[in-house]
Amino acid sequence: MTELLDAVIIGGGPAGMSAAWELRDRRIRLLEAGDRLGGRMHSEPRGDVWMNFGAHLFPGPGSRIQSMLADLGLRTIEIPGNKFAVWSDGRLVAPRSVAMMPFLLDFSLRERIALCIAGLRIMREVARFKRFQAQGATLPVTERRQKVASYRGNRSFEQFLGRLPARVRALFAASGRRASVEIDEQGAGVGISLFASVWAGKASSMALNLDGGTGALPRAVEAALGSAVSCGATVLRVVGADGGVAVTFERGGVVETVHARRAVVAVPATAAAAVCDVPEAVRSALLEVQYGPFVSLGVLTDEKDAPDWNDIYAITALDAPFDMVFNHTNAIRAARPGVRHGSYMMYAGGRQAKSLLGRSEEEITALYLAAFLRIFPALRDKVVETKLFKWSPGNACRAVGADFSPVVDHTGRAVQAIRFCGDYFAEIGNMEIAASTGLEAARLVRAELDANRKDDPCPSSE
Ligand SMILES: Cc1cc2nc3c(=O)[nH]c(=O)nc-3n(C[C@H](O)[C@H](O)[C@H](O)COP(=O)(O)OP(=O)(O)OC[C@H]3O[C@@H](n4cnc5c(N)ncnc54)[C@H](O)[C@@H]3O)c2cc1C
């Protein structure tokens, strides 16, 4: 007879890793389609530094991610550098305060005034958004999250900003593509929460890197969970069966089915809708989750000394084929003085990324590198390695007017065979929302398993 597992976790990104970590004392199996855990969290070590290709900004104390890092003996490092520098008109502008930006960019008077007005509107709205978040502090976590995720959700961020001169709009559009879609496609609350986190500087809830690189977390989880993890296992179907679930997957050309009391589905919403047998309203809400692509390029350089731009971590790039550039060595050098390499990542999101998806890796790399070297001409002849990733999905964010409540109601029920978790539970995706929804789903599964054990003191496991 086949073994009856306590839970199958489907998807090994931060949501699935967090759920599996919570249930590691039970009979579980984690099925991951890719050849490694981590999902969109990925970096690779290179000597004294690491190359990063996906998520890199980590949440601070009190977060689910930090509690997993503590369990696994990993530590975060501070990012000391500027996170709101701008590359525009052939100049790198990195003011101490974001309020100085309109006076330093090479803009006309009309553009400066428009930027000041839009900036002030966002600042006011960020303050309102924070009060709104704080007001929900006493609500149950899922209700609070639902409320925050629908903040100003009935109009787009572009509508919120109003008509802007082209270059001012381009600046907000490039920043807004951190949500992986355009500012006319994302709810206003998405753009506002993005700016709330970028402008918070050191106080940001995401102001850390992981020492050793983002990939150190999935590698540690995979090693600790051992044989409970199956990579290269693509789940094809998740259906309710005999009060539990039957999960069918393909691995190495062989199709298998495992049975478990419960399933935690931690794949992107659109993949979840494709494989899970759930009520139509839940499936439709999953399909409404909006994803855009990211095209990222990691660059490793030979840099023995700290460069002039060492104090800058993040740059919003105008007039470039990408939207953002990250100087990871800003954090690495602060934590490990004397490193002999530089590590950078740049990415495009939204329509810019969509237009790149069909192009070859060589073409995109050449295009990105040319623009990268315009920003940092001193690095000409110093690039030692590049590696390109086409992330699709890149990130999740709420579309204007989307109603996500059927998924929240479904997954929060006390008795439920198939539960969902992932970054798409928030207005904009990030590793912490993924990991905390994974933890919540796993705790509900544990409560059900414990309750069933009380009802049936000798549950059959075979
Ligand atoms: C370039 C980039 C930069 C980012 N920067 C940040 C950042 O700085 N900070 C931050 O917090 N977030 C960042 N993010 C977002 C963050 O990575 C995601 O929000 C997070 O990884 C989502 O976690 P998840 O577990 O919900 O989904 P994922 O990470 O996508 O994991 C889902 C997993 O499910 C697997 N899967 C899919 N279908 C199946 C199937 N049928 N069967 C089995 N397995 C399946 C996938 O292979 C994947 O491993 C970034 C993302 C990218 C791409």
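1. Arg-112 sits in helix α4, which spans residues 109-135. The model is a predicted one. With a relative accessible area of 23%, Arg-112 is partly exposed.

2. Next, the ligand site. The shell around the ligand has 34 residues, and Glu-32, Arg-40, Leu-57, Asp-423 and Met-431 come nearest. By class, the shell divides into 18 nonpolar, 13 polar and three charged residues. Several elements each supply at least two shell residues: α1 (14-22), β2 (28-32), β11 (233-241), β18 (383-397) and α16 (431-455).

3. Ala-33 contributes a backbone N or O atom, 3.1 Å from a ligand nitrogen. Asn-430 also uses its backbone: a polar atom there is 3.3 Å from an oxygen of the ligand. Taken alone, the ligand exposes 1,000 Å², and the protein buries 91% of that.

4. Arg-40 is partly exposed, at 22% relative accessible area. Asp-423 is buried, at 7%.

5. Helix α1 is worth checking for burial. Nine of its nine residues are buried, so the helix is largely enclosed by the rest of the structure. Trp-21 and Glu-22 are among those buried residues.

6. Two other glutamates are buried. Glu-182 lies in the loop between α7 (166-176) and α8 (188-199). Its relative accessible area is 3%, which makes it buried. Its side chain reaches the backbone nitrogen of Arg-351 at 2.7 Å. Glu-44 belongs to strand β3, residues 43-46. Glu-44 is buried too, with a relative accessible area of 17%. The Glu-44 side chain makes polar contacts with the side chains of Arg-46, at 3.0 Å, and Lys-387, at 2.9 Å.

7. Salt bridges, then. The structure holds 28 of them. Side chains of opposite charge can pair when their charged atoms come close. One of the bridges joins Arg-169 and Glu-158, with 2.5 Å between the closest N and O atoms. Arg-169 is in helix α7 and Glu-158 in helix α6 (residues 157-161), eleven residues apart. Both are partly exposed: Arg-169 at 26% relative accessibility, Glu-158 at 23%.

8. Glu-280 and Arg-283 form another salt bridge, at 3.4 Å from N to O. Both lie in helix α11 (residues 280-287), three residues apart, or about one turn of the helix.

9. A network of salt bridges links Asp-6, Arg-26, Arg-27, Arg-261 and Asp-450.

10. Finally, the surface. Met-100, Phe-103 and Leu-104 form a nonpolar patch there, with about 280 Å² of accessible area together. Phe-103 is part of helix α3, residues 101-104. At 53% relative accessibility, Phe-103 counts as exposed.

Notes:
Residues are numbered from 1 along each chain as its sequence is written. This is a predicted model: local features need pLDDT of at least 70, side-chain atom pairs count only at pLDDT 80 or more; totals for chains, interfaces and linings use all residues. Side-chain values use heavy atoms; hydrogens and water are left out. Patches are made of residues with over 30% relative accessible area and no salt bridge: like charges are joined within 9 Å, nonpolar side chains (Val, Leu, Ile, Met, Phe, Trp, Tyr) within 5 Å. Accessible areas come from the Shrake-Rupley method with a 1.4 Å probe; for residues, only the protein chains shown count as cover. A salt bridge is a side-chain nitrogen of Lys or Arg within 4 Å of a carboxyl oxygen of Asp or Glu. Helices (H or I, at least four residues) and strands (E, at least two) are DSSP runs, numbered from the N terminus. Buried means under 20% relative accessible area, exposed over 50%, partly exposed in between (1.4 Å probe, protein chains only). A residue is near a molecule or strand if one of its heavy atoms lies within 4 Å of it. A polar contact is a pair of N or O atoms within 3.5 Å; within protein, one must be able to donate a hydrogen and the other to accept it, and residues adjacent in sequence count only if both atoms are side-chain atoms. Ala, Val, Leu, Ile, Met, Phe, Trp, Tyr, Cys and Pro count as nonpolar, Asp, Glu, Lys and Arg as charged, and the others, Gly among them, as polar.
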